[in-house]
Amino acid sequence: MEFLPISWRLQGKQALLVGGGEVALRKGRLLHRSGALLRVVAPDVCAELRHIVAEGTGQLVERSFEAADLAGAAMVVCATDDSALNARIAELATQQNIPVNVVDNPALGDFIFPAIVDRSPVLISISSSGASPVLARKLRSQIESSLPARWGRLADLMAKFRQPLKQKLDNVGARRLFWEQTLDSPVVEKVLAGKDSEAESMLAEAIASADSEQLSQGEVYLVGAGPGDPDLLTFRALRLLQKADVVLYDRLVGKGIVDLARRDAELVYVGKARDKHALPQDNINELLVHYAKQGKKVCRLKGGDPFIFGRGGEEIDLIVQQGINFQVVPGITAASGCAAYGGIPLTHRDHAQSVRFVTGHRKDGTVTLDWEHLVSETETVVFYMGLVGLRQICQQLMAHGRKGDTPIALVSRGTTNLQEVITGTLDSLPDEIEGREIHAPTLIIVGSVVSLHPKFEWFR
């Protein structure tokens, strides 16, 4: 991040605003709403800005800026139409370690003003890091239109009951889960409908019946993270990921997806590469049980779908034996995601009437498959984890009847902005990629449908 988004308490602190025109007025309105003591310095000051200063018991200095004006300022905003003067003020402020903002020139300052959605005490700030204020305002307008005004009232109601809940539940994790459940309950609809007294009664009753032991029970979420693109997560996957206290993930899960976890969640890397395990599978299974028995909500992120070559069944087995609650969230499997982003329809009535998913890497490291059932010309075959055995796969398919000119595609890092689709034929592709650096994860698609890739390719 180029800028760290923070919420800054300015009540009672002096904010120096240099400038008195329209640009300065926009900043003055925000600073006034924040409760800052506004000190405006400018030879000419517009009427509304004068009124704001007077209303907030600030100070109006109608002259050109002087270095002494910086004394006592907690922050400085340069909003004149003189770029040289703005730069000089910024330099002086920096020398005195006073945070400074230079309107329309973020490179000279320490902070910028975000676009704000105000549902006080709930505030949403949107920033483009100064790259495009118009884009930030556009996003703000979209959020404004979809966020009810009474969300602030809901926050006030929750604040009112924080102490009563703390007295009832001494476990911080149980209290967090209580509030999460509250936000999915009818209490929210009562507040948004303006029925505050009913909402208060319902919340008071829920706190009275809250059970710390029940709320503190551990649970495991086996979540399919999809093939790589964070936009392919399901709503349920995202909700449970952001609910989890602990997140276990491996190298098949993109960083953009892991970043969606709660900031205070414990992130545990259990990455596995072929024959090189950061943690053996049994240890991962035991970790899930270990954290769940501590009363934590544990999310196991699995690339693709957890029940399609994801060892999800192995991980759930021990959880079931231990009597731990769990949920399984299906994900878009790599075959569907990579084929779609590669412009390769797995079935097309002119090319294939069925599709078969096969693992190209057995538990013992071999590539021993039922080859004679993988050679139908009307079937698409998708090989997971087949990069190392690609040459053997092509040879075996041809040896059992598949033609050497059968189209084949190798998809590397599918659905991400690093996606690469390499196409060829069974008798040519292994030689074509010999010596090339191919990045995992990869997927192999064999069949006539691959010939549609040049026509249907859309994602680059």
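Biologist: How many aromatic pairs does a search of the whole structure find?

Modeller: This is a predicted model, where local features need pLDDT of at least 70, side-chain atom pairs count only at pLDDT 80 or more, and totals for chains, interfaces and linings use all residues. Residues are numbered from 1 along each chain as its sequence is written, and side-chain values use heavy atoms, with hydrogens and water left out. Rings of Phe, Tyr and Trp (its six-membered ring) pair if their centres lie within 6.5 Å. Searching the whole structure gives nine aromatic pairs.

Biologist: Which residues do ring pairs link into a cluster?

Modeller: The ring pairs join residues into a cluster. Its members are Trp8, Phe111 and Phe113.

Biologist: At what angle do the axes of α5 and α9 cross?

Modeller: Helices here are DSSP runs (H or I, at least four residues), numbered from the N terminus. Axes are lines fitted to C-alpha atoms over the stretch in contact, with angles from 0 to 180 degrees between N-to-C directions. Helix α5 spans residues 151-160 and helix α9 residues 196-208. Their axes come within 11 Å and cross at roughly 35°.

Biologist: Which residues of α9 make the contact with α5?

Modeller: Contact means heavy atoms within 4.5 Å. From α5 come Arg153, Leu157 and Lys160. The contact divides into three nonpolar, no polar and four charged residues. On the α9 side stand Asp196, Ala199, Glu200 and Leu203.

Biologist: How many charged residues has the contact of α7 with α9?

Modeller: The axes of α7 (residues 172-182) and α9 come within 12 Å and cross at roughly 145°. Phe178, Trp179 and Thr182 of α7 meet Leu203, Ala206 and Ile207 of α9. By class, there are five nonpolar residues, one polar and no charged.

Biologist: Is Asn325 buried, exposed or partly exposed, and why?

Modeller: Asn325 lies in strand β14 (residues 325-329), a strand being a DSSP E run of at least two residues. Buried means under 20% relative accessible area, exposed over 50%, and partly exposed in between (1.4 Å probe, protein chains only). Because its relative accessibility is 43%, Asn325 counts as partly exposed.

Conventions. Ala, Val, Leu, Ile, Met, Phe, Trp, Tyr, Cys and Pro count as nonpolar, Asp, Glu, Lys and Arg as charged, and the others, Gly among them, as polar. Rings of Phe, Tyr and Trp (its six-membered ring) pair if their centres lie within 6.5 Å; planes under 30 degrees apart count as stacked, over 60 as edge-to-face and the rest as tilted.
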